[in-house]
Amino acid sequence: MASKKVLQALNSQIQKEFFSEYLYISMEAYFSEHDLDGFSNFFNVQAKEERDHAYKFFNYVNKSEGKVILEALDQPRVDFSSPLEVFELALDHEKYITKSIHELLDLALEDKDYTTASFLNWFVDEQSEEEESMSKIVKKLRLLNENPAGLFMLDQELAQRAYIPPVV
Ligand code: OFO
């Protein structure tokens with residue numbers, strides 16, 4: 001069983017994952033408002049994945065005989081100035097989550113809690129993929145420099161992203 005300290009940090013991570021879901025829904029809303037449906041789809045899928053991550057932690061806390069304690073969610077940002085700003089913020093947010101996962105892993109290893117460390121390894125890989133995908137879009141948007149034809153093409157590309165439910 002995970003220690004009290006580790007369980008507390010896992011519970012905080014549940015909150016962070018749900019907040020990620022909430023933030024990405026807010027970004028989805030911004031793009032819907034501007035009829036950029038492909039960008040909106042990208043964040044719809046991203047939000048669903050964040051919810052899955054929250055439940056992955058939720059199930060792990062339960063399995064570890066801990067108590068799931070949901071913490072309050074802050075209001076996410078609701079105003080954005082451009083698609084580039086949204087993706088820059090999303091990339092910053094992913095970096096923040098990566099740091100949080102790494103700190104959690106450090107905590108588990110300090111505790112010699114190798115079961116939790118092994119559970120967290122999936123998130124280490126996931127975060128590196130997510131940072132990479134956000135970073136690629138930030139770079140594309142910088143190159144496009146708000147060129148409408150380019151934005152339209154990127155919107156079509158992002159419309160292809162599909163949600164794949166986790167295997168349980
Ligand atoms: Fe939860 O995947 Fe990134 O934040």
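Q: What is a polar contact, and which residue does the side chain of Thr116 meet in this way?
A: A polar contact is a pair of N or O atoms within 3.5 Å; within protein, one must be able to donate a hydrogen and the other to accept it, and residues adjacent in sequence count only if both atoms are side-chain atoms. In this structure, the side chain of Thr116 forms such a contact with the side chain of Tyr60, at 2.7 Å. This is a predicted model, in which local features need pLDDT of at least 70 and side-chain atom pairs count only at pLDDT 80 or more, while totals for chains, interfaces and linings use all residues. Residues are numbered from 1 along each chain as its sequence is written, and side-chain values use heavy atoms, with hydrogens and water left out.

Q: Is Thr116 buried or exposed?
A: Buried means under 20% relative accessible area, exposed over 50%, and partly exposed in between (1.4 Å probe, protein chains only). Thr116 has a relative accessible area of 0%, and is therefore buried. Thr116 belongs to helix 4 (residues 114-144); helices (H or I, at least four residues) are DSSP runs, numbered from the N terminus. Contact means heavy atoms within 4.5 Å. Apart from neighbours within four places in sequence, Thr116 is in contact with Ala2, Val6, Leu10, Tyr60 and Ala108.

Q: At what angle do the axes of helix 2 and helix 3 cross?
A: Axes are lines fitted to C-alpha atoms, for helices over the stretch in contact, and angles run from 0 to 180 degrees between N-to-C directions. The axes of helix 2 (residues 37-63) and helix 3 (residues 83-110) cross at roughly 15° and come within 13 Å. Helix 2 is therefore roughly parallel to helix 3, a term for angles under 35 degrees. The residues making the contact include Phe39, Phe42 and Phe43 of helix 2, and Val86, Phe87 and Ala90 of helix 3.

Q: Where is Lys112 found, and what is its phi?
A: Lys112 is found in the loop between helix 3 and helix 4. Its phi is near 55°, a positive value in a residue other than glycine. Lys112 counts as exposed because its relative accessibility is 60%. Glu146, in the loop between helix 4 and helix 5, also is not a glycine and has a positive phi, of about 65°.

Q: What separates the C-alpha atoms of Gln156 and Phe39?
A: These C-alpha atoms are separated by 8.3 Å, although Gln156 and Phe39 are 117 residues apart along the chain. Gln156 lies in helix 5 (residues 148-158) and is partly exposed, with a relative accessible area of 42%.

Methods
Helices (H or I, at least four residues) and strands (E, at least two) are DSSP runs, numbered from the N terminus. Angles under 35 degrees count as roughly parallel, over 145 as roughly antiparallel, 65 to 115 as roughly perpendicular and the rest as oblique.
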